[in-house]
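Biologist: Please take me through the charged side chains of this model and explain the terms applied to them.

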Amino acid sequence: MPATILVGTQWGDEGKGKATDLLGDRMDLVVRYQGGNNAGHTVRAGEHTLKLHLVPSAILSPGVTPVIADGVVVDPGVLLEEMDELEARGIDTSRLLVSANAHLIMPYHLELDRVTERYLGRNRLGTTKRGIGPAYADKATRIGLRVQDLTDEKIFREKLEVVLKEKNAILSRVYNRLPLRADDIVRDYLGYGERLAPHIADTSAVLYRALREGKRVLLEGAQGTLLDLDHGTYPFVTSSNPVAGGALVGTGLGPKEVDRVIGVTKAYVTRVGSGPFPTEDEGQAGARMQDRGQEFGTTTGRRRRCGWFDAVLLRYAARVNGLTELFLTKLDVLSGLRSVKVCVAYRYEGAVFEDVPPHQSIVHRAEPVYEELEGWPEELSEARGVDDLPPAARKYVERLADLGDVPVGTVSVGPSREQTVEVGL
Ligand code: GDP
């Protein structure tokens, strides 16, 4: 049975947590394929709420095997902390698998992430300062250490000493920081290795075998399409590939192993931090989305910029991911607007672009071309079937599917699992 990929189609925060939760329960394995401990799903464990940044939230479903695949960068201290927290709440973490090939986030990555962002001043990227970008950079320059190195002291020490020489020179001579001690890192990381050893696996082979045995596999992307290193709004992007192609590279599965690519799409658009955002609404409608959709960062509390649905970006996401269906979230947030706008194209100096313009300075200055649709006063949070959606809301959903040229499979009308409408529009 082929695998399913789940990917965000916007700038992250599309509500992937709910989609993963809903789908994950019907799966045998749920896999993260890129990013690090910057994903952030809020999960309920008994009466406690906890935030998981690295461990797939599928850890809460006893029948599901959560997998951290090759393309993820792993901070082993953070991983063990999350596992300890889960265990303390009575949740078994023994099923968790971590790829031997996944790269490690090292203490100097954290240190460099902090100091370089400070150095960049107002040009900073707004990274999460968890060492993720520097770890991917070292992977590309082939000086990274991997999860498998944690179980071999000789190799770990050898590799570390080579890298640390350079990192310490940069830290002390460029940034005036104290050098890091190899012995401290070896002690801490081998300790992590001992604890993680039972979880370390050849996850590519595990997944391949699972698919051969007819098991159901979900490959879960973090962040979103427009944050993709290659296909996003560079340089305001993440340092990995959330797009569907990244799921193959990040797991070691071939393209024939996947037949379903679900794009999680919010019924309006939000963006955190700076960068172009053609459909941003700084008036009442945007404020309403912000308020009703609770659009502020979970860790920073920063207000997310809000705006109208952008079908140019949806078409783009459908293309670069090869989407087969949409999971549309937060439709309930739009209730009560007299009319709802959808951006169908961009206009710049008399030219009309139905696709994302080829040069980003055009995106910066482009004006959205809007289509205005009738709004709906009804609250949607009780809707459970297509017939419960008012005609105007249904029309809105149909129009998005039409403009994106991809069917809508599911509409979410609230945070809970029950607040879901299977549509197939
Ligand atoms: P994620 O990282 O992609 O999961 O996105 P966020 O961190 O922004 O999480 C989405 C938030 O919206 C969570 O608090 C969800 O409980 C909530 N949410 C998800 N789907 C819906 C929905 O359909 N309607 C409403 N009102 N809230 C939702």
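Biologist: Why is R157 called partly exposed?

Modeller: R157 has a relative accessible area of 26%. Buried means under 20%, exposed over 50%, and partly exposed in between (1.4 Å probe, protein chains only), so R157 is partly exposed. This is a predicted model, in which local features need pLDDT of at least 70 and side-chain atom pairs pLDDT 80 or more, while totals for chains, interfaces and linings use all residues. Residues are numbered from 1 along each chain as its sequence is written, and side-chain values use heavy atoms, without hydrogens and water.

Biologist: What makes the contact between D183 and R157 a salt bridge?

Modeller: The term requires a side-chain nitrogen of Lys or Arg within 4 Å of a carboxyl oxygen of Asp or Glu. The N to O distance here is 2.9 Å, so the pair qualifies. D183 lies in helix α6 and R157 in helix α5, so the bridge ties together parts 26 residues apart in sequence; helices (H or I, at least four residues) and strands (E, at least two) are DSSP runs, numbered from the N terminus.

Biologist: Why is R187 called exposed?

Modeller: Its relative accessibility is 54%, which is over the 50% limit, so R187 is exposed.

Biologist: What makes K266 and E295 a salt bridge, and where do they lie?

Modeller: Their closest N and O atoms are 3.1 Å apart, within the 4 Å limit. K266 is in strand β11, and E295 in the loop between α9 and β13, 29 residues apart. Shared partners join D13, K266, E295, R304 and K330 into one network.
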